[in-house]
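Please look at the sequence and the structure shown below.

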Amino acid sequence: MMRKLLFILALLMSLPGYCSIKLQRDRIVIHNEAGTSKPIMRAIGSLQTDIEKVMGVRPQLLDSSSAISRTSTELVIVNDAVSTPDGIKPLSGEEEHEVYVDEEKGRIVIHGYDMRGTIYAIYTFTEQVLGVPPLWYFCEWQLSKRGVLTTDIRFHQASPQVRFRAWFPNDTDLFTPWRKKSSENNEMWLEAMLRLKLNCVELETTVTYPDYKMSDEAQMVSDMGIILTSHHHVALNNSFAKWDEYWREVRHQEPPKPSIHKLLDLISFWTYNVQTVYRSGIENLWQVTFRGRGDQPFWAFFDDAPQSDEERGAVISQMMQIQVDLIKEITGEEDPYVRTTFYDEMSNLLAQGYIKPPKGKHMIWTYVAARRDHYPNDDVVNFDSSLGVNLGYYFNYQFTSTGAHLAPAEGPWKMEFNYRYVNSKCPLLFSVVNAGNVREFVTEMSANAQMMWDYDSYDTDKWLTSYCAQYFGEKNASAIAQLFRDYYEAYWQPKPTEFPGMKSRQFNFQDMRYARTMDQILGSFWSYSDNPLKDIGFESVKGRSFRIQGSNQVDTIISNMALTMERFDRVAERCHKMQNRVPASQRPFYNDALQAPATFMAHLSHALYHFMLAYKGQQDRTYVKQQMSDALNETERAKAALYSTHHGIFSDWYTNDRLHGLDAKINGMKKILEECK
């Protein structure tokens, strides 16, 4: 038996990558066999920087013709799309990658099938060998300085199960000013995507005038090695919000009035957009749609739009097919990758059978989680997999008019349920998560990135424990993972779950529902109504804005906030007790990701509770003053919880809060108190 075990051990040690290798600070060289494209060189630069931060010396970068000193340890970077050196077996699939110790040559091979696979291999090395986690910039990770490292890494990652895996930063009142503060801020969120092994960014308009140029942001995305795609109201990388500008700056004439019957005008506008993207050489996942000037239906922009849903659906179908035909004509591609997104009115018309979207080998029909509360909508429930198209899914971690904005609320379990349900209809080709200002949702987005690569092995509970171990330490990982679960379960669920198979949390009362409740009541505080809350904006489903059940909104909110604030109080207290058990260097991110949101939601729930009591008891000004004073105090404490996350690169993050508007609410409460005197 012993002889057999020794034989197996010897066999294992003979396999590539089994042996260990020593990395010494001044004896590391990087041998680049992967080409010199901007994305590859940028990733190699990050590798050099990471090594320098950990080991104190920036390694030399050599090209394929350079000789390697026998005393140096070589990190050879290989991209099969450029060349595969002798002795390295080529990989076989898109974005496939590996990192292993090559015992025979005494080196570490960092190997990708293509450009992005190579980038992912580089960041795999930095994470697994150097200990640099994907979210290092967002958590301001403190790297351990070491002069010597020993590794026996043997890592292989097959191609992802979802080809296009995107983030969409949306409603970025906090994110946009932060990005403008430094070039690092502007780029590092994209680097975080690559470290998490995502590959696509959804932006709004990226076509500029008048010289067939793409926006600087689009070019930056491309230079990082990331695919560009467009928002659901943007067709062909542009929207009708820039209609007038096109006619004045490109065509040098006054803009014609938009008309669904003047197809030549529309084709002229769209042709410029397609030509601009095509000339740029930017890797682009096309989006076709027909909506209005911004996030509205086309009939809000075109005066000659038909009135019936059936006719409107026919117009949308016609326009999307024209756009697809233009892409094919200008690019010369027979089957380009193209997606369309069924959002709001598009979803409704599709569910009624009035939209007939384009079909094709690489056509992606992107369905959207139900609006305001995020679960599979009727259109994807009714999806017919025999249609011969590819499936995409758009999931909201936030929805700024009524959803999560300053604190996460949906959670990775809800994300997993959504994607497993949709994928059961047809294997996904495209995914995008709406991530708002990004910082509040990095935990949830990390879960999505993991799942989109490998559905088969992903499990939220296991993933979350591993995530907590990486960022907050092995010792307390299970306990902190449970705190995350309890945090999400603390949210008020204003309506019982209805979706088949969904255990709970279909409907959540997120922080922006708190905000809208206060905003609407502050606007007419002294005119009491049992049901003061009205649906928001262009709401097409009655009662969807708030989902509050029962005949009396005020009493329902008061009774449920009394329970909700107690749940958040308990979670926040446990988070606080756990804080001292987290390693000191990891406490800031622990606070940012969990303790501060739990504390914020606890105080916000207390604030809404007292606010509603003040509103209900307005006949007694003394009582109003008492309750509103408590509401004001709790709102200020909620704000302080957010500001506790101000450190380092995020030193003034929440000072730009406009959409939730905590300061406006504080001022509104003070005004009510003045009126009580």
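The points that follow are grouped by topic, and they describe a predicted model. The structure has four cavities of 30 Å³ or more. Several pairs of helices are also described, among them helix 9 with helix 10 and helix 16 with helix 18.

**The largest cavity**

- The largest cavity holds about 210 Å³ of space.
- Its lining is made by 19 residues, and those closest to the centre are Arg 439, Glu 440, Asp 592, Ala 593 and Pro 597.
- Helix 19 contributes the most, with five residues.
- The lining of the largest cavity is made up of 13 nonpolar, two polar and four charged residues.

**The second largest cavity**

- The second largest cavity has a volume of about 70 Å³.
- Residues on its lining include Val 324, Lys 328, Glu 334, Asp 335, Pro 336 and Val 338.
- Pro 358, Lys 359, Gly 360, Lys 361, His 362 and Met 363 also line the second largest cavity.
- Sorted by class, this lining has five nonpolar, two polar and five charged residues.

**Helix 9 and helix 10**

- Two packed helices are described by the angle between their axes and by the distance between the axes.
- Helix 9 covers residues 263-280 and helix 10 covers residues 309-331; their axes come within 10 Å and cross at roughly 45 degrees.
- Because of this angle, helix 9 counts as oblique to helix 10.
- The crossing in which helix 9 passes helix 10 is right-handed.
- On the side of helix 9, the contact is made by Leu 263, Leu 266, Ile 267, Trp 270, Thr 271, Val 274, Gln 275 and Tyr 278.
- On the side of helix 10, the contact is made by Gln 318, Met 319, Ile 322, Gln 323, Leu 326, Ile 327, Ile 330 and Thr 331.
- This contact of helix 9 with helix 10 has 11 nonpolar residues, five polar residues and no charged residues.

**Helix 16 and helix 18**

- Helix 16 packs against helix 18 (residues 553-579) at an angle of about 160 degrees, and the axes are 9 Å apart.
- Angles over 145 degrees count as roughly antiparallel, so helix 16 is roughly antiparallel to helix 18.
- Helix 16 passes helix 18 in a crossing that is left-handed.
- Helix 16 makes the contact through Ala 479, Ile 480, Gln 482, Leu 483, Asp 486, Tyr 487 and Glu 489.
- Helix 18 makes the contact through Arg 567, Phe 568, Val 571, Arg 574, Cys 575 and Met 578.
- By class, there are eight nonpolar, one polar and four charged residues in the contact of helix 16 with helix 18.

**Helix 17 and helix 21**

- The axes of helix 17 (residues 511-522) and helix 21 (residues 662-675) come within 11 Å, with a crossing angle of roughly 35 degrees.
- Helix 17 passes helix 21 in a left-handed crossing.
- Ala 515, Met 518, Asp 519 and Leu 522 of helix 17 meet Lys 665, Gly 668, Met 669 and Ile 672 of helix 21.
- The contact of helix 17 with helix 21 contains five nonpolar, one polar and two charged residues.

**Backbone details in one loop**

- Tyr 209 and Pro 210 are joined by a cis peptide bond, with omega about 0 degrees.
- Pro 210 lies in the loop between strand 10 (200-203) and helix 7 (216-223).
- Tyr 212 is also placed in the loop between strand 10 and helix 7.
- Phi of Tyr 212 is near 55 degrees, which is a positive value in a residue other than glycine.

Definitions and conventions. Residues are numbered from 1 along each chain as its sequence is written. This is a predicted model: local features need pLDDT of at least 70, side-chain atom pairs count only at pLDDT 80 or more; totals for chains, interfaces and linings use all residues. Side-chain values use heavy atoms; hydrogens and water are left out. On a 1 Å grid over the protein atoms alone, a cavity is a set of points where a 1.4 Å probe fits but cannot get out, and a pocket is an open set with protein on both sides within 12 Å along at least five of seven lines; lining residues have an atom within 4 Å of a point. Grid points are joined across faces, edges and corners, and a volume is the space filled by probe spheres set on the points. Helices (H or I, at least four residues) and strands (E, at least two) are DSSP runs, numbered from the N terminus. Ala, Val, Leu, Ile, Met, Phe, Trp, Tyr, Cys and Pro count as nonpolar, Asp, Glu, Lys and Arg as charged, and the others, Gly among them, as polar. Axes are lines fitted to C-alpha atoms, for helices over the stretch in contact, and angles run from 0 to 180 degrees between N-to-C directions. Angles under 35 degrees count as roughly parallel, over 145 as roughly antiparallel, 65 to 115 as roughly perpendicular and the rest as oblique. A crossing is left-handed if the near helix is turned anticlockwise from the far one by less than a right angle, and right-handed if clockwise. Contact means heavy atoms within 4.5 Å.
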